[in-house]
Amino acid sequence: TIPFSKLIYTYNHVIQGFSASLTPAELESLKNTPGYVSSVKDRVVKVDTTHSFKFLGLNSGTGVWPVSRFGKDVIIGVIDTGVWPESESFNDDGMSDVTSRWKGECESGTQFNSSMCNKKLIGARFFNKGLIAHKPNITISMNSTRDTEGHGTHTSTTVAGTYVKDASYFGYAPGTARGIAPMARVAMYKAIWEEGSYTTDVIAAIDQAITDGVDVLSLSLSWSQVELYEDPVAIATFAAIEKNIFVSTSAGNAGPDVETLNNGIPWVITVAAGTMDRDCSATLSLGNKVSVNGLAQYAGNFSSSTEFPIVFMDKCDETTELETIKNKIIVCQDPYTEDSLNDQFNNINLAGNVAGVFISNSSDVYDHLKSSFPAIFLQEKDGATVVDFIKTNTDPKASIVFKKTILGVEPSPKVTSYTSRGPSYSCPSVLKPDIMAPGDSVLAAWPPNLEAASVNDDLMYSKFNLLWGTSMACPHVSGIGALLKAVYPNWSPAAIRSALMTTSDQIDNTGSPIKDIGRSLQPADPLAMGAGHVNPNKALNPGLIYDATVQDYIDLLCGLNFTQKQIKTITRTTSNNCSNPSLDLNYPSFIAFFNDWFAEPNSTTMMEFRRTVTNVGDERSTYKANVTPLTGLKVTVEPDTLVFKTKYEKKSFKLRIEGPKQLADAVVFGYLTWEDSGKKHVVTSPIVATSYKIEK
């Protein structure tokens, strides 16, 4: 038995067990007790809009917004850093009374009382027993659900914030802010703390959210490179899936390298980050009346009408010389060596001057947009215009106008450089990530007492902030999942995920394949963006869905050769049926590994996938298969025609990929589409063949 004083949490849903603070000897003793299954060491947790709804095609007149009544009454649980309840984004104007099925609470704590919840923010709980067990002498600065970091306020209002007029980030990205599901309800479960964050608290938060009755869980957090039976998100969310709760997670921010993806969990949706067609920018006007636009998020005031001398200092690496230049705009050319842009930025900052102009196509510019001094970042082609102007004029001058917002940027979307890439470490046989959503410069609510920017040495505060990351992409998909949940309350989480994936876009706003910033704007592959960029209105009517049951996931766990104890850690039962172990989950995507390094030259192999689709479209419909060519591989579909006579009828098919045992290329990809005769539905699934080998 465990002494009561050692217990941290006992869990009701996600695990048949508890968390406790034990010595090594006590743990060994526990392992010898009857009923012991497994134990996992507590781990540290990482946390991974006025326009994004328009970019996603959401509108009040047609599509999923009006059909779902804007997500009315769907309850979204967010596991994060807490909330700022006074934010206008949590106002409950026009919202009906909270449904009686809601069992949650609004817990009081430091600077937070139960009256701060309303019909929008319907629940607020906090979990830090695990943190305290790790740091017994800790003083928690804000022992309540109040947000002291901003991350949770931002993600929860991205997913379901209500309408707030005249929102902006110091004049950038102005407009009426709203969440993706503006009539849905939010419950915040604070398990991420300034003082540290641990597995035990996150599991307790998810466990409580299931008890309270959430419909959707939004998790912008992750662990790196862990097996499913050691991953608290995987373990806890399995119980959520059993309760028909849709779970959305972030892919992580460790790109552009491959095999960096987190949350490669087969029963959740894993979200990558893309750009929008909006840039926060500044305009540099040259003395010859030529102007160029560049990226900028400088929050201070700047004398836009004044022309200043402008000088080109090439690499900007001569700090002594930079310090002698006064009252001028300094232009720097990125030499693209390691940390070169960062070094230039710091050199100009330390030297002090009117403004810095940085010419760089590097994705590192995004790390410096919120500059504490006036700074603008130009693409190479625009930078060349500026440098030519300086070199061909005896007294070159220029002016800068900040706080501009450009819409309709092409091409968009693009895959961000930082978004983590597959294949998944924990389950390579399931292609991850699943989907891409806006993650760059997303505007959402922010605690007004937290720094949103700095100008020189002065801190700046705002009720809204622009943040980037897969943490920002995840709540977009959580919100869209909530919209579909409102329309199809009985659909499984797998059905909703399938609808989102098979209707996503692979083409950008110029009509070309979506490009990847992390791959020098080459066409993005599914290891970076999943099935494509999410399209909420198309997801409303997917035609066919790839569904999956709890038993399908158990078959997968058996196929991964997990022991019964390891499987029980996830499923919480010993009666796991492993009579049909299979790595071939009924998933709306395909990944095949051709990585036999010791294969004989010219030797080939064939991989077969079995899939079952359910007709959720027209009663009588015929779908024909089409596969885009995959270089060096032969792909066949049998049968290549599916005839449905009734709604919810199921049909199965096989997809075979034949090719060399050792693929020459790292990644070859294409798409399987099922198209009905009236071209009303086009059901698209990515196919990836790769020579990557997951080392464990």
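User: What makes β23 and β24 a pair of strands in this predicted model?

Analyst: Two strands pair if at least two bridges are found between them. Strand β23 (residues 451–455) and strand β24 (residues 458–461) have 4 bridges, in the antiparallel sense, so they count as paired. One of the bridges joins Val455 to Asp458 in β24. The hairpin has 2 residues between the strands, and Asn456 takes a positive phi near 55° there.

User: What makes Glu608 and Arg656 a salt bridge, and which strands hold them?

Analyst: Their side chains meet at 2.7 Å, N to O, and the cut-off is within 4 Å. Glu608 lies in strand β30 (residues 604–615) and Arg656 in strand β34 (residues 650–660), so the pair ties together parts that are 48 residues apart in sequence. Glu608 is partly exposed, with a relative accessible area of 31%. Arg656, at 19%, is buried, because the term applies under 20%.

User: Why is the contact of Lys651 with Glu649 called a salt bridge?

Analyst: The closest N and O atoms of Lys651 and Glu649 are 3.5 Å apart, and the limit is within 4 Å, so the pair is a salt bridge. Lys651 counts as partly exposed, at 27% relative accessibility. Salt bridges that share partners also join Glu105, Glu107, Arg125 and Asp212 into one network. A search of the whole structure finds 20 salt bridges.

User: What is the strand content over residues 584–688, and what does the UniProt annotation call this range?

Analyst: The chain there is 57% strand and 0% helix, and the end C-alpha atoms are 14 Å apart. The unreviewed UniProt entry annotates residues 584–688 as "domain: Subtilisin-like protease fibronectin type-III".

User: Why is helix α15 said to be mostly covered?

Analyst: Of the 10 residues of α15 (residues 550–559), 7 are buried. They are Tyr553, Ile554, Asp555, Leu556, Leu557, Cys558 and Gly559. The buried residues of α15 pack against α7, α12 (493–502) and α16 (564–571). Just after α15, Asn561 takes a positive phi of about 65°.

User: How do you know that Asp555 is buried, and which residues does Asp555 touch?

Analyst: Asp555 has a relative accessible area of 9%, and buried means under 20%, so Asp555 is buried. Not counting residues up to four places away in sequence, Asp555 touches Asn577, Asn580, Pro581 and Ser582. The C-alpha atoms of Asp555 and Thr574 are separated by 14 Å, with the two residues 19 apart along the chain.

User: Which residues touch the most other members of the largest nonpolar core, and why is this core placed between domains?

Analyst: The largest nonpolar core has 101 residues, and Ile79, Trp267 and Leu500 touch the most other members. Helix α7 (residues 232–242) gives the most to this core, with 8 residues. Domain 2 (52–277 + 416–488) and domain 4 (543–548 + 585–690) both give residues to this core, so it lies between them. Not counting residues up to four places away in sequence, Leu500 touches residues including Phe246, Ile269, Ile435 and Val477. A second, separate core of 46 residues includes Cys280, Ala296, Ala299 and Met472.

How values were computed: Residues numbered from 1 in each chain as written. Predicted model: local features only at pLDDT ≥ 70, side-chain atom pairs only at ≥ 80, totals over all residues. Heavy atoms only, no water. Core = buried A, V, L, I, M, F, W, Y, C linked by side-chain atoms within 4.5 Å. Buried < 20%, exposed > 50% of the residue type's maximum accessible area, 1.4 Å probe, protein only. Domains from an automatic or database assignment. Contact = heavy atoms within 4.5 Å. UniProt positions renumbered as here; feature names shortened; annotations may be inferred.
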